[in-house]
Amino acid sequence: MNQSAGDRAVVLGGSIAGTFSARVLSEFYREVIVVDRDRVVSVNRPRRGTPHAGHAHGLHARGCLILEELFPNLLRDMLHAKLPVGDLGEQRWYFNARPFRSTRTGLPSVTAQRPVLEEYFRDKVAALPNVTFLERTDVLGFLSTPDGRQVTGVRLRSTAADAGSAFNLDADLLLDATGRGSRTPVWLEELGYERPVEQRMAIGLAYTTRLYRRRPDMLNGTQFINCIASREFPRGAFFGQVDRKTCIVSLTGILGDHPPTDPGGFLAFARSLPVADVYEQIRHAEPLSNPVCFRFPASVRRHYERLPRLPERLLVLGDAVCSLNPNYSQGMTVAAMEVMALRRRLSRGTPSTIAFMRDVGRIVDQPWFISTTNDLKYNGMAGHRGLTARMGNAYVTRLHHAAAKDPAVTNALMRVAGLIDRPTALMRPRVLLGAMRPQKPGTGPVE
């Protein structure tokens, strides 16, 4: 360990992003305190602060590779616990009712339920000798120097039944990982700073999810089925293993076309998908839960990297900066990428707030571009469709069709979706050749 950056770092939020941050900060600070309004340690079920946690999640590719470094033996531990781990390209992917050609990519995919993953990571971090979780505690605001140029701590209040009055907690570094409900823009304004510009992509997305008892014949040896929503078929579904006894089905609809929460309506929505696989797998399956809906009205990005000044010793990452359309399973991986940028900065001393927020901005650029540009393909989606977006979506649609026959195209798509490669990798000659091959009438991209 190189605990040279300071005495105490305080992380606001015991989220995935907050937990990853605490793991990295433990290498550089003598004490790390993680503050959360919920009870979070050894919790393996959805909680008040994470209403989306009961729905399908994926930890894909780049995120897995990063977390194997922070949490050695991650994939081995998942396999030992009989949690689903597989190759991203060997699963059953569908686009416009056509299956992608299966191929081994070497890219890992973990589809355990998110609360199980959170418990694994959080318990590992909580076991570190210099990390403490301060649970059931509300954040009331920042503390700063008289001129507001540097954050010096945070004001807190316990929500426990025997709680006393509010109290101050000093910090050499304060990191906000409280998610999309972050109050940092408000507290910055109170200190005399500008709020970050906020960019929104209204998508009106909803997930409705149900758990089923897994039968031996389900999925035919694969880990999951992913029916990708498209312009022609904007309803989607993920059906996969979450443990050896349980499968999850998350149905998705956008722009108010939300999957119902009554059992009959849930099945009817599954039957309406362009791929019969999901409906056929669950029509006679034993449900283990009632359908539950989670609404995600908009993707939101706060452009901290554009602010001309910020107080020192304050950092923000995770969904508090950018809350991405969960259909693309980018959130956990983006958080992992951001904490590695934090690690690099800390190895050179206490990071400049503006420099780090510019790092985060550069990391977010790619997943934000992928998700928002792709969302513009849907009819009725509000937003400017420039030439880049229109040509990009038409080209990716060709790639999706080509992936039905060409494993090289499948591999390229998986590497970009997994945030291993940049979108420009889809223009490499081998991939371009696959996309440009003549397609049968009626199978090409719709302009």
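1. The crossing of H8 and H9 is right-handed in this predicted model. Helix H8 covers residues 331-346 and helix H9 covers residues 353-375. Their axes come within 10 Å and cross at roughly 150 degrees. Angles over 145 degrees count as roughly antiparallel, and H8 and H9 are therefore roughly antiparallel to each other.

2. Which residues of H8 and H9 make the contact? From H8 come Val334, Met337, Glu338, Ala341, Leu342 and Arg345. From H9 come Ala355, Phe356, Asp359, Val360, Ile363, Val364 and Pro367. By class, the contact of H8 with H9 has ten nonpolar and three charged residues, with no polar ones.

3. H8 also packs on H1. The axes of H1 and H8 lie 9 Å apart, at an angle of about 25 degrees. That makes H1 roughly parallel to H8. The crossing of H1 and H8 is right-handed.

4. The H1 side of the contact with H8 consists of Ile16, Ala17, Phe20, Ser21, Arg23, Val24 and Leu25. They meet Met332, Ala335, Ala336, Val339, Leu342, Arg343 and Leu346 in H8. The residues of this contact divide into eleven nonpolar, one polar and two charged. Note Leu342: this H8 residue is listed in the contact with H1, and Leu342 is also listed in the contact with H9.

5. H1 has a further partner, H4. Helix H1 spans residues 16-25, and helix H4 spans residues 114-126. The axes of H1 and H4 come within 10 Å and cross at roughly 25 degrees. That makes H1 roughly parallel to H4. Is the crossing of H1 and H4 left-handed or right-handed? It is left-handed, whereas the crossing of H1 and H8 is right-handed.

6. In the contact of H1 with H4, Ile16, Thr19, Phe20, Ala22 and Arg23 in H1 meet Arg114, Glu118, Phe121, Arg122 and Val125 in H4. The residues divide into five nonpolar, one polar and four charged. Ile16, Phe20 and Arg23 are among the H1 residues that touch H4; Ile16, Phe20 and Arg23 are also among those that touch H8.

7. Arg114 deserves a separate look. This residue lies in helix H4 and is among the H4 residues that meet H1. Is Arg114 buried or exposed? Its relative accessible area is 11%. The cut-off for buried is under 20%, so Arg114 counts as buried. Arg114 and Leu59 are 55 residues apart in sequence, yet 9.0 Å apart in space, C-alpha to C-alpha.

8. Next, the three-stranded sheet. This sheet is open, has the order S3-S7-S4, and its pairing is antiparallel. Strand S3 (59-60) and strand S4 (85-87) stand at the edges. Each has a single partner strand, so one side of each is left without a neighbour in the sheet. S4 pairs with strand S7 (residues 108-110) in the antiparallel sense over three bridges. Gly86 has Ser109 in S7 as its bridge partner.

9. Strand S16 covers residues 246-253. How many of the eight residues of S16 are buried? Eight of the eight are, so S16 is largely enclosed by the rest of the structure. In a regular strand the side chains alternate between the two faces of the sheet. In S16, Thr246, Ile248, Ser250 and Thr252 point one way. Cys247, Val249, Leu251 and Gly253 point the other way, and all are buried.

10. S16 has strand partners S13 and S15. Eight bridges join strand S13 (residues 197-213) to S16, and the two run antiparallel. Arg210 stands opposite Val249 in S16. Strand S15 (residues 236-243) is joined to S16 by seven bridges and also runs antiparallel to it. Phe238 stands opposite Ser250 in S16. A hairpin through two residues joins S15 to S16.

11. Two backbone checks. Ala97 has a phi near 70 degrees, a positive value in a residue other than glycine. Ala97 sits in the loop between strand S5 (92-95) and strand S6 (98-99). With a relative accessible area of 34%, Ala97 is partly exposed.

12. Ser329 also has a positive phi, about 50 degrees, although it is not a glycine. Ser329 lies in the loop between strand S19 (322-323) and H8. Its relative accessible area is 24%, so Ser329 counts as partly exposed.

Note on methods. Residues are numbered from 1 along each chain as its sequence is written. This is a predicted model: local features need pLDDT of at least 70, side-chain atom pairs count only at pLDDT 80 or more; totals for chains, interfaces and linings use all residues. Side-chain values use heavy atoms; hydrogens and water are left out. Helices (H or I, at least four residues) and strands (E, at least two) are DSSP runs, numbered from the N terminus. Buried means under 20% relative accessible area, exposed over 50%, partly exposed in between (1.4 Å probe, protein chains only). Axes are lines fitted to C-alpha atoms, for helices over the stretch in contact, and angles run from 0 to 180 degrees between N-to-C directions. Angles under 35 degrees count as roughly parallel, over 145 as roughly antiparallel, 65 to 115 as roughly perpendicular and the rest as oblique. A crossing is left-handed if the near helix is turned anticlockwise from the far one by less than a right angle, and right-handed if clockwise. Contact means heavy atoms within 4.5 Å. Ala, Val, Leu, Ile, Met, Phe, Trp, Tyr, Cys and Pro count as nonpolar, Asp, Glu, Lys and Arg as charged, and the others, Gly among them, as polar. Two strands pair if DSSP finds at least two bridges between them.
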